[in-house]
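Me: I am new to this structure and would like to go through some of its features. Could we take them one at a time?
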Amino acid sequence: MSEKLRVGILGGTGMVGQRFISLLENHPWFEVTTIAASPRSAGKTYEEAVGGRWKMTTPMPEAVKKIVVMNVNEVEKVASEVDFVFSAVDMTKEEIKKIEEDYARTETPVVSNNSAHRWTPDVPMIIPEINPEHTDVIEAQKKRLGTERGFVAVKPNCSIQSYAPALYAWREFEPYEVIATTYQAISGAGKTFKDWPEMVENIIPYIGGEEEKSEQEPLRIYGKVENGEIVKASEPAISCQCIRVPVLNGHTAAVFVKFRKKPAKEQLIEKLVSFQGVPQELQLPSAPKQFIQYMEEDNRPQVSLDVDFENGMGVSIGRIREDSIYDYKFVGLSHNTVRGAAGGAVLCAELLKAKGFINKK
């Protein structure tokens, strides 16, 4: 019997589900033993269910090809096969909320890539380097759900990963006002150029719901656990525009910041490159050794050169310079389906295992 925890992927046939499966190949702690998807995929092997829709650049792992896909709606049946699940289901927000809590009530921890529970007061939304202490709220959630080991934890929106870590690294300088524009890859919509030919040589200046998430979610991450729920921070005030650009992977952000205690540029860079969190201290399997890198060249970071920094789990910052209206401006880059989606959720699960929240059933 493998010592690895048995993992289920809910919504395993979609793009983020595929990313989970590719990232978990040969993972030292976790093994994908169960894949669940919509009833139309249930009963087929994973290879048959995905067919020609495998969207990763690496081949489908041999270990999952013959796994027979289960019906994600058969909650008890799927839950009986696993120690915990990653959720990447494609449903309405209310359906996702319900099904994730249904899995949690079977005493199965759920680590979700979805947005449905990001504002549930007792569900932690975690960037493991920034707010690992938000796992404390899980005990209150278990009381509400009536569980002993089942709970839901989520990772935040992919768009904020390119700037929220930098603002947090600079917290002692008290950033209080931020303007950000994100230039977001098409894989964030679960698509490739083959699926979305109209994005070639095109920009779309609107992504539904994304601006609200980009402005509000960092405040929840910077918040505190009080009386069994997460209370969001009041600052910095963030105003954001989100633009879809013809890039496959990688979200770039152009950001302007005002500080109460204006630092020198050298101080900003030093805080970025020296920043470490619990994942680095614990040497979690998916943790980047260098969480944030600073790039001195005027033309960096670039998607084509830098998106895979630290296997897609690191954040690249460049072009810090003083601004004529704000104190400083900079450019950030993160991999939206690795750090921003499946990889961030895998790191979150590693943190939860290290803290004793996820273990064998």
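Me: Where is E174 found?
Reply: This is a predicted model. In it, E174 is found in the loop that lies between α7 (164-169) and β7.

Me: What is the phi of E174?
Reply: Phi of E174 is near 55°, which is a positive value in a residue other than glycine.

Me: Is E174 buried, exposed or partly exposed?
Reply: E174 has a relative accessible area of 29%. Residue E174 therefore counts as partly exposed, since buried means under 20% and exposed means over 50%.

Me: And R319, what is its phi?
Reply: Phi of R319 is also near 55°, again a positive value in a residue other than glycine. R319 is found in strand β13. With a relative accessible area of 35%, R319 is partly exposed.

Me: Let us turn to the sheet. What is the order of the strands in the open sheet?
Reply: The open sheet has 6 strands in the order β10-β7-β11-β14-β13-β12, and the pairing is mixed. Its edge strands are β10 (237-244) and β12 (292-295), each of which pairs on one side only. From one strand to the next, the twist averages 20°.

Me: In which sense do β7 and β10 pair?
Reply: Strand β7, residues 175-184, pairs with β10 in the parallel sense, over 8 bridges. Within this pair, T182 stands opposite C242 in β10.

Me: Which strands does helix α8 touch?
Reply: Helix α8, residues 210-221, packs on the sheet and touches β7 and β10. The direction of α8 makes about 145° with that of β10.

Me: And which strands does helix α9 touch?
Reply: Helix α9, residues 265-274, packs on the sheet as well, touching β11 (251-259), β12, β13 (315-322) and β14 (328-334). The direction of α9 makes about 145° with that of β12.

Me: A change of topic: the peptide bond from E235 to P236, is it cis or trans?
Reply: The bond from E235 to P236 is cis, and its omega is near 0°. P236 lies in the loop between β9 (229-231) and β10.

Me: What is omega for the peptide bond from R300 to P301?
Reply: For the bond from R300 to P301, omega is near 5°, and this peptide bond is cis.

Me: Where is the place of P301?
Reply: P301 is in the loop between β12 and α11 (303-306).

Technical notes. Residues are numbered from 1 along each chain as its sequence is written. This is a predicted model: local features need pLDDT of at least 70, side-chain atom pairs count only at pLDDT 80 or more; totals for chains, interfaces and linings use all residues. Side-chain values use heavy atoms; hydrogens and water are left out. Two strands pair if DSSP finds at least two bridges between them. Helices (H or I, at least four residues) and strands (E, at least two) are DSSP runs, numbered from the N terminus. Axes are lines fitted to C-alpha atoms, for helices over the stretch in contact, and angles run from 0 to 180 degrees between N-to-C directions. Contact means heavy atoms within 4.5 Å. Buried means under 20% relative accessible area, exposed over 50%, partly exposed in between (1.4 Å probe, protein chains only).
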